Amino acid sequence: MTALIKSPRGNAGGAGLTVTCLNALPARGDFATMNSSESAFHLSESAIGPELIVLAGHTAPVESAVFSPDGTQLATSGRDGQVILWECESGMVRRVWQHEHGASWLAFSPNGQTLATTGHGIDLWNVDSGRWEGRFPVPAAAVQFSPDGAALTAVEWDQIVCLDSSSGHRLREIPLVEPLGTSPPRVAFSADGSTVAAAAWDNRGHHVRIWDLPSGTLRRLRRMPRTFWWKERDSATGKLRKTHGAQADVQCLALSPDGRRLAVGGHFTLWICDTHTGRRTHFLACGCSGYWSLAFSGDGELLAAGGNDGVVTLWRVRSGEATASAATGSSHNWISAVAFNRRGDRLATGTHKKQVDLWRPDTGERNARFAALDFEASALAYSPDGGQIAVSYTDGTLRLWSARTGHLVWVVRTAPPFPTHLEFSADGRTLRSGRVPDPLAAVWNAATGELIQTAGQASDAELGNQAPRCEGIAPDGQLKAVSQGWEGRIELRSTDPDQVLKVLPEIDEPDLVVSLTFSPDSRILAAGYHGFRVRLWNVETGRLLQLLLSHGDANAYLAFSLDGTQLAVGGNYDSEVVLCNLVAQSVPVRLVLTRGEKGEASEKLADFWDVPVEQVPTHDINLVGHTGNIRGVAYSPDGRAVATVAADAALKLWDPINGRLRATLLPLPSPVSDVSAEWIAYTPEGNYVASAGGHGYVGWRLGTELLPGSVYANSRCDSGQIARSLDSNPAD
């Protein structure tokens, strides 16, 4: 029996004010938040003071989208932990729910009054009031309401469970002969509640199972072939040119409303089969760039397929003909969620780059875009005096921020592709931008943002054809470290002339070097590798000083503190930065763990790395707050602050002593210009300062009510408080 965890009433634990990033202009609505220190969701009615809401959209990839039964609302979830309920006509936010671990699946009840979300259990939300109505502690990968709304069908890894939607009592269980696999399954439900399909991977390959829910029987088991083959022919003569083969896999599933057809998409294929016979009826695409999301229209006549090339394609199910396609604007912006409304006249898409779009299925024309902030930060650099921070963004802009007031000094448009390297001159008068291995493609006047000099710059394709190269220059300017190729070989060279002085010893196994950083005294070289390792080398002797087994893959962002006692470690695929204490460590091998990996997970990781538990550090500092992967980290020249940027486009400044977040500086889109000068800077306490247009992105959550930004602007818009927070002494 599954118990329903009810929503607590009264005091919410004295929760203080927090800051959340959302989207759209301020709208009145009801909200619920989760207290991460407890297992249940709490209403913020008795929270102390208003909660600042920055209306800047999903700040991480969108994972799921679903229309309400009447088609007037759209619910979306993202990796930032937010579930946003949008009004389709106006694009305004009606509700927002915050999940600590994110919601991987969304489902409306047939009457549209309840929204079910899956994460660590099944949570139920009242759409009208915004209240959390309870949780069923069922580890479900996917869930759907029955047509009458009385029951919920949940798919777990080893069984399908039918629950009473009011009490959570288990009405029925369908055990699986074999668990779905070692990876999270792909699941699809038919709209009439008759069929459920699940695909998973095990050591024998991918397999798809189809169940008849009324009888509880396994209708069909289809194991995917190891390889799909297809032929390329000359379009004029029909002569066979080449036969291709690709590994078969399953990335997404969709069932037609009547449960008779199953669409299967993978990295290279898209096809439809009959759920009763298992026979493949249509082979829609082969050798393609891949599909990540699928959805049938309400009448079952159209299939929408979201590709990893940023294009959604619509196919006629009966003929297998592609009827329309629409592009999100970027070939690297794969479509992670698609959904039709019940009438089939609207198609919603969610993307890896945080966009939420509405389309007309008949023409492929876009009706609306809900996401306001669909770009990322790509690099940052402190000015020599520590007063300014330059940040480049993937929307093709370069912005200069004041590190003392939080204000945006200037913004300019850069030549494509966007820079991944920024560097101030020693006197702070100029700023250089570029991309590795050619980081000096443009020179800017740091005071005005005027472009002084440009140089040729390699394209993405040209860079991709070159051997990987990474280099770092010592602060004294007398030495540089260079690694070129895939083996992890590091050479120490003179800067003028460029000659090899020393080659560091070979590492235990070949590994790509992605970051090289010298300590402030130029005596230690930190090397970040693609595979979970950071090595510290003695520059004079070439001896390995310490090996850090990091929490993150691709440790591309390393920075030493001014006194050399801390090393900041950030990875390409992590949203946290760890400040490693180098002074207190005497062991040659250390584990560097994120906040979530400490405690009970430490022993497991120590076993995995074959490192004694006593060597797992407990006093490293975790910088937690970004919702996107890290894209840069730097200490201020005076050592009093650490700056980080990430894929959520936020620039955050931290206290290096205790890891306290001081302020967030966020660029905002402009509705009238392609180069936006709108911005907001805010503290965790809820004080803020913003540009003229930036004030429109501020809202306040008080209890379950979302209020316009003007309500608390007089008391919370405080430039002096922002400046004091940014200029405070460490550990104040």
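Leu253 stands opposite Val264 in strand E24, and this contact of partners belongs to the antiparallel pairing of strand E23 with E24 (residues 261–265), which runs over four bridges. Here strands are DSSP runs of at least two residues (E) and helices are runs of at least four (H or I), numbered from the N terminus, and two strands count as paired if DSSP finds at least two bridges between them. The model is a predicted one, in which local features need pLDDT of at least 70 and side-chain atom pairs count only at pLDDT 80 or more, while totals for chains, interfaces and linings use all residues. Residues are numbered from 1 along each chain as its sequence is written, and side-chain values use heavy atoms, with hydrogens and water left out.

**The protein as a whole**

The protein has four helices and 63 strands. Of its 732 residues, 57% are buried, where buried means under 20% relative accessible area, exposed means over 50%, and partly exposed lies in between (1.4 Å probe, protein chains only).

**Two open sheets**

E23 and E24 are part of an open sheet of four strands in the order E23-E24-E25-E26, with antiparallel pairing. E23 (252–255) and E26 (280–286) stand at its edges with a single partner strand each, so one side of each is left without a neighbour in the sheet. A second open sheet, also of four strands with antiparallel pairing, has the order E51-E52-E53-E55, and its edge strands are E51 (557–560) and E55 (621–623), each of which pairs on one side only. Within this second sheet, E53 (residues 577–581) and E55 pair over three bridges in the antiparallel sense, and the bridge partner of Val578 in E55 is Asn622.

All six of the six residues of strand E49 (residues 533–538) are buried, so the strand is largely enclosed by the rest of the structure. Arg533, Arg535 and Trp537 point one way from E49, whereas Val534, Leu536 and Asn538 point the other way; in a regular strand the side chains alternate between the two faces of the sheet. E49 pairs in the antiparallel sense with E48 (residues 524–529) over five bridges, and Asn538 of E49 is the bridge partner of Ile524. Five bridges also join E49 to E50 (residues 544–550), again antiparallel, and there Trp537 stands opposite Leu544. Each of the two hairpins holds a residue with a positive phi: Phe532 takes one near 65° in the hairpin of E48 and E49, which has three residues between the strands, and Gly542 takes one near 75° in the hairpin of E49 and E50, which has five.

**Aromatic rings**

A search of the whole structure finds eight aromatic pairs. Rings of Phe, Tyr and Trp (its six-membered ring) pair if their centres lie within 6.5 Å, and planes under 30 degrees apart count as stacked, over 60 as edge-to-face and the rest as tilted.

Trp105 lies in strand E9 (residues 105–108) and Phe189 in strand E17 (residues 186–189), so their pair ties together parts that are 84 residues apart in sequence. Trp105 is partly exposed, with a relative accessible area of 22%, whereas Phe189 is buried at 11%.
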